[in-house]
Protein chains: 4
Amino acid sequence: MTANEIVHRMYQNDAFSQWLGIKIEKVEIGAVELSMRIRSDMTNGFGIAHGGITFSLADSALAFAANSQGRHAVSVETSISHFKPLQLNDLVRATSVERHLGKRTAVYEIQMHRNEIELVALFRGTVYRTDKLWEK
Amino acid sequence: MTANEIVHRMYQNDAFSQWLGIKIEKVEIGAVELSMRIRSDMTNGFGIAHGGITFSLADSALAFAANSQGRHAVSVETSISHFKPLQLNDLVRATSVERHLGKRTAVYEIQMHRNEIELVALFRGTVYRTDKLWEK
Amino acid sequence: MTANEIVHRMYQNDAFSQWLGIKIEKVEIGAVELSMRIRSDMTNGFGIAHGGITFSLADSALAFAANSQGRHAVSVETSISHFKPLQLNDLVRATSVERHLGKRTAVYEIQMHRNEIELVALFRGTVYRTDKLWEK
Amino acid sequence: MTANEIVHRMYQNDAFSQWLGIKIEKVEIGAVELSMRIRSDMTNGFGIAHGGITFSLADSALAFAANSQGRHAVSVETSISHFKPLQLNDLVRATSVERHLGKRTAVYEIQMHRNEIELVALFRGTVYRTDKLWEK
């Protein structure tokens with residue numbers, strides 16, 4: 001399967017990414033760009049996006065980017081720094097960068113921008129790469 | 001406001017924690033215990049709970065535990081290690097431990113157990129403590 | 001090789017752990033306890049222990065604990081929260097807890113105490129477990 | 001004090017950074033570039049640089065970059081991913097990027113390259129910014 005087919009297949013089965021309203025903007029081998037808009041049911045007690053919302057967007061980007069390399073990959077350790085709170089209706093864009101692609105592990109960084117200009121959060125994720133291939 | 005009042009007030013305004021079906025099991029000053037059940041709309045393309053779901057539960061526990069100390073606190077950096085995938089209908093319990101309470105920053109660790117026995121994920125979060133008090 | 005033999009063999013070849021003056025206090029399968037005293041050549045521009053010193057102690061504890069399971073293990077991702085600055089002559093004790101032991105990855109938490117009572121830093125590390133055994 | 005004066009003052013008092021043989025290659029407001037060569041007393045039981053060595057270089061870069069903004073800053077949470085082992089005599093270069101500069105917290109990313117081309121480790125650090133100014 002191509003990187004594009006893998007990511008779209010993953011998305012079709014990913015109920016939570018669909019609930020989040022994630023849109024797949026771009027797919028390359030080892031890289032994706034996703035976007036999402038903050039809805040009222042994504043906010044927390046402070047009236048801003050719950051920290052889990054930005055994390056979830058980044059975690060989907062990690063899974064899509066890592067698996068787009070053609071082998072099943074599972075997340076082992078992830079971290080996120082939140083810089084700015086996201087407000088209702090903000091558009092968030094997550095862009096992945098493959099920092100390391102090893103035989104068994106790989107590391108991706110996901111930058112999240114508000115309205116395409118302001119860096120609101122930074123995420124790093126390590127995955128374990130299994131031997132299982134993505135096949136039709 | 002008491003720790004209990006703060007946490008329940010936060011929860012009442014927290015649309016996403018409500019969507020997650022989070023239950024507040026216990027509140028003490030600086031500590032909470034939350035639980036949640038994995039629903040089908042929380043799963044990802046592998047048929048297990050999306051990584052963002054466990055993170056969100058832990059992030060709510062972090063916010064509740066940190067704010068229960070009486071001052072508004074905001075998350076600055078969080079990380080999570082996933083050990084075991086959660087399946088549909090699994091019951092997850094998040095228990096917080098206050099590792100450090102400083103004047104300006106505090107650190108909490110959240111352990112997540114499946115069915116009360118198996119450690120499935122470990123989360124650490126650092127918050128910045130503002131001067132703003134929780135008041136009625 | 002036993003856990004104890006592996007850890008002592010590693011230490012004998014570990015020039016930097018020796019420079020740090022690390023003492024091996026206890027070894028069990030998957031767990032170690034190390035101690036170290038802060039010297040003046042370990043301090044930074046603020047007159048306290050450089051952050052890299054506590055990290056290095058914890059990183060040695062991670063390597064020893066993970067390898068004591070009998071297979072060569074390499075660190076993939078580590079993080080540390082510093083709570084209290086360490087002063088000259090402080091005695092630090094690092095105690096490891098095995099949080100997860102999987103086929104391919106394992107996660108250890110290292111707690112660092114000053115003078116055996118005060119938690120000064122918290123470390124979490126993920127290792128990749130190779131197939132290579134520790135053999136005489 | 002200028003950024004350059006702050007960083008050099010810090011380095012002059014930083015016994016451990018001096019032991020590491022760190023060289024200050026470049027200083028700008030909020031950014032530094034450091035270099036270092038792996039010596040035999042920096043290696044571990046596997047004959048490669050101890051993980052604490054690369055961390056320490058990055059941690060010095062974090063401290064220098066954050067303090068170069070003119071206010072005393074202290075590290076609160078740091079994480080590092082190691083991609084490639086460093087060998088004896090390897091030259092490592094650490095370059096900082098200021099990802100967020102808030103009133104109270106700031107986040108820096110440090111990239112470490114071997115021989116100027118190969119990314120060997122990635123570090124992220126959060127600091128707390130005190131009110132204390134760097135003054136002559």
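The model is predicted; local features need pLDDT of at least 70, side-chain atom pairs count only at pLDDT 80 or more, and totals for chains, interfaces and linings use all residues. Residues are numbered from 1 along each chain as its sequence is written, while chains are lettered from A and ligands numbered from 1 in the order in which they are written.

**View 1. The axis relating chains C and D.** The same surface serves both copies, since 100% of the contact residues of chain C recur in chain D; residues are in contact if their C-beta atoms, placed from the backbone, lie within 7 Å.

**View 2. The interface of chains C and D.** Contacts join 29 residues of chain C to 30 residues of chain D. On the chain C side, helix H2 (15-20), helix H3 (51-67) and strand S3 (71-82) each supply at least two residues. Helices (H or I, at least four residues) and strands (E, at least two) are DSSP runs, numbered from the N terminus. S3(C) has the largest share of this side, eight residues. By class, the side of chain C that touches chain D holds 10 nonpolar, 15 polar and four charged residues. Ala, Val, Leu, Ile, Met, Phe, Trp, Tyr, Cys and Pro count as nonpolar, Asp, Glu, Lys and Arg as charged, and the others, Gly among them, as polar.

View 3. S3(C) pairs with strand S3 (residues 71-82) of chain D in the antiparallel sense, over five bridges. Pairing requires that DSSP finds at least two bridges between the strands. Thr78(C) has Ile80(D) as its bridge partner in S3(D).

**View 4. Helix H3 of chain C.** From first C-alpha to last, the 17 residues of H3(C) reach 24 Å, close to the 24 Å expected at 1.5 Å a residue; the expected span is 1.5 Å times one less than the number of residues. H3(C) is mostly covered, with 17 of its 17 residues buried. A residue is buried if 20 or more other C-beta atoms lie within 10 Å of its own, exposed if 12 or fewer, and partly exposed in between, with C-beta atoms placed from the backbone.

**View 5. Leu57 in the largest nonpolar core.** Among the 164 residues of this core, Leu57(A), Leu57(B), Leu57(C) and Leu57(D) touch the most other members. A nonpolar core is a set of buried Ala, Val, Leu, Ile, Met, Phe, Trp, Tyr and Cys residues joined through C-beta atoms within 7 Å. Beyond its neighbours within four places in sequence, Leu57(A) is in contact with residues including Leu20(A), Ile22(A), Met36(A) and Met112(A).

**View 6. Two loop residues with positive phi.** Asn89(A), in the loop between strand S3 (71-82) and strand S4 (91-101) of chain A, has a phi near 75 degrees. Asn89(A) is exposed, with 9 other C-beta atoms within 10 Å. Glu116(D) has a positive phi of about 70 degrees although it is not a glycine. Glu116(D) also counts as exposed, with 9 C-beta neighbours inside 10 Å.

Note on methods: Contact = placed C-beta atoms within 7 Å.
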